[in-house]
Amino acid sequence: MQFIANDIKEKVEKTIIPIINALIDGIETDEEIANKTGIKLNIVRKILYKLYDLKIANYKRSKDPETQWFTYSWKFEEAELINQINEECEKELNDLNEQLESEENNMFFVCPLGHVRYNFDEASDEEFLCVCGEELEFQDNSEIIKQLKKNIKLIKSDLNSFNKSIKK
Ligand SMILES: [Zn+2]
């Protein structure tokens, strides 16, 4: 897993970030971006269309009146990327808050062999027995609650500093 993550990180650092930076610098065509970054033209194109699919890059097509060829002028959609990052974080925060609420408002019962985890209603439906026949045990979930609160705090502060860094 670590290897895959590093591989992706390296790809992002070597291709996607230089291309976005070129767009931010006002370089508009795929060929100019390829020249400026030293990234192969077909890869530049692939990434530009990927960014377009993700809505964080857009292009305008214009026809050269002499050659009749189309030129594509690319633009980085910074506001859209910022929106997407904010939406992702809000979604993540909502999920975590829902989980936290559920952990705080329920009692949980688990199989000592790790097969199931039920709230009180589910556990009583099963008469406090696991499918394997073991008796379910009450689970102290205070560590889970602590971890959830920690994650929520972390995402909130990350999102805060991200939004602050943009406004500068
Ligand atoms: Zn079991």
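## How the strands pair

Two strands count as paired if DSSP finds at least two bridges between them. Helices (H or I, at least four residues) and strands (E, at least two) are DSSP runs here, numbered from the N terminus. By that rule, strand β1 (residues 57-63) and strand β2 (residues 70-76) run antiparallel and are joined by seven bridges. Within the pair, N58 stands opposite K75 of β2.

Before going further, a word on the model and its numbering. This is a predicted model, in which local features need pLDDT of at least 70 and side-chain atom pairs count only at pLDDT 80 or more, while totals for chains, interfaces and linings use all residues. Residues are numbered from 1 along each chain as its sequence is written.

## The hairpin turn

β1 and β2 form a hairpin with six residues between them. Q68 is found in this loop, and Q68 has a positive phi of about 65° although it is not a glycine. How buried or exposed is Q68? Burial is judged by counting other C-beta atoms, placed from the backbone, within 10 Å of a residue's own: 20 or more is buried, 12 or fewer is exposed, and anything in between is partly exposed. With 7 such atoms within 10 Å, Q68 is exposed.

Let's turn to α3 (41-53). The 13 residues of α3 should span 18 Å at 1.5 Å a residue, and its end C-alpha atoms are 18 Å apart, which agrees; the expected span is 1.5 Å times one less than the number of residues. V44, I47, L48 and L51 of α3 are buried. Seen down the axis of α3, the buried residues fall within an arc of 105°, so they line one face of the helix; the arc is that of the directions from the helix axis to the C-beta atoms. An α-helix has 3.6 residues a turn, so residues three or four places apart point the same way. The face of α3 turned away from the buried side carries the exposed residues N42 and D53.

Just after α3 comes K55, in the loop between α3 and β1. K55 is exposed, with 12 other C-beta atoms within 10 Å.

## Nonpolar cores

A nonpolar core is a set of buried Ala, Val, Leu, Ile, Met, Phe, Trp, Tyr and Cys residues joined through C-beta atoms within 7 Å. The largest one has 11 residues: I19, A22, L23, I33, V44, I47, L48, L51, I56, A57 and W74. Two or more of these residues come from each of α1 (2-24) and α3 (41-53), and α3 gives the largest share, four residues. Apart from this core lies another, of five residues, among them F109, Y118, A123 and L136.

I56 belongs to the largest core. Leaving aside neighbours within four places in sequence, I56 is in contact (C-beta atoms, placed from the backbone, within 7 Å) with L51, F76, E77, E80 and L81.

The protein chain is divided into domain 1 (2-76) and domain 2 (80-167), with bounds that come from an automatic or database domain assignment. Taken over C-alpha atoms, the centres of the two domains are separated by 39 Å.

What lies 58 residues from N151 in sequence, yet 8.8 Å away in space? That residue is L93, with the distance taken C-alpha to C-alpha. N151 is found in helix α6 (residues 142-167), and N151 is partly exposed, with 15 other C-beta atoms within 10 Å.

How values were computed
Contact = placed C-beta atoms within 7 Å.
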